[in-house]
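I opened this notebook page to record what I looked up in one protein model. The entries follow the order in which I worked.

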Amino acid sequence: MDKFRYLPDVTTLEYEEDLCVGCGSCEMVCPHGVFAMNGKKVLMVDKDGCMECGACALNCPTAAIRVTPGVGCAAYIISGWIHGKENASCGGEGGCC
């Protein structure tokens, strides 16, 4: 999903590889391919592809993934779809506004 971007390095997504048990749940539920299995662990391969939906964090059994859904890029992009990009708002908490 390399075309799904707003601004680089603004997502609230955090991943602690040490806590990963390699279940692959995050890879399965991520709609934008942010994670990929690499042997016994998952790698974050496209952090800027994160739309902060929270599916990965909700499905991680060890809390190795944290994200704050509803701020940052996803909120801005969805608001842009609804209200037009010039009227979009996300509150600025994710650094995108």
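The entries below cover the core, one cysteine, a hairpin and the cavities of this predicted model.

**Entry 1, the core.** I began with the largest nonpolar core, which has 14 residues. I asked which of them touch the most other members, and found Leu13, Tyr15, Phe35 and Ile65. I then listed the contacts of Phe35, leaving out residues up to four places away in sequence. Phe35 touches Leu13, Tyr15 and Ile65, and also Cys26, Glu27, Cys30, Val42, Leu43, Met44, Val45 and Cys56.

I next turned to Cys56, one of the contacts of Phe35. Cys56 belongs to helix α2, which spans residues 55–59. Is Cys56 buried or exposed? I noted a relative accessibility of 8%; the cut-off for buried is under 20%, so Cys56 counts as buried. Beyond four places in sequence, I found that Cys56 touches Leu13, Cys26, Val29, Phe35 and Ile65.

I followed Phe35 into strand β2, which covers residues 35–38. Strand β2 pairs with strand β3 (residues 41–44) in the antiparallel sense, and I recorded four bridges between them. Within this pairing, Met37 of the model stands opposite Val42 in β3. Two residues lie between the strands of the hairpin, and Gly39 takes a positive phi near 75° there.

I then asked how many cavities of 30 Å³ or more the structure holds, and the count was two. The largest cavity contains about 90 Å³ of space. Its lining consists of 15 residues, of which Cys20, Cys23, Cys26, Cys60 and Ile65 are the closest to its centre. I classed the lining of this largest cavity as eleven nonpolar residues, four polar and no charged.

The second largest cavity has a volume of about 70 Å³. I found Phe35 and Cys56 again in the lining of this second cavity, together with Leu13, Cys30, Val34, Gly49, Cys50, Met51, Glu52, Cys53, Gly54 and Ala55. By class, the lining of the second largest cavity divides into nine nonpolar residues, two polar and one charged.

Phe35 and Cys56 touch each other, and both line the second largest cavity. Ile65 is on the contact list of Cys56 and is among the residues closest to the centre of the largest cavity.

Notes: Residues numbered from 1 in each chain as written. Predicted model: local features only at pLDDT ≥ 70, side-chain atom pairs only at ≥ 80, totals over all residues. Heavy atoms only, no water. Core = buried A, V, L, I, M, F, W, Y, C linked by side-chain atoms within 4.5 Å. Buried < 20%, exposed > 50% of the residue type's maximum accessible area, 1.4 Å probe, protein only. Contact = heavy atoms within 4.5 Å. Pairing = 2+ DSSP bridges. 1 Å grid on protein atoms, 1.4 Å probe; cavity = no way out; pocket = protein on both sides within 12 Å on 5 of 7 lines; lining within 4 Å. Points joined across faces, edges and corners; volume = space filled by probe spheres on them. Nonpolar A, V, L, I, M, F, W, Y, C, P; charged D, E, K, R; others polar.
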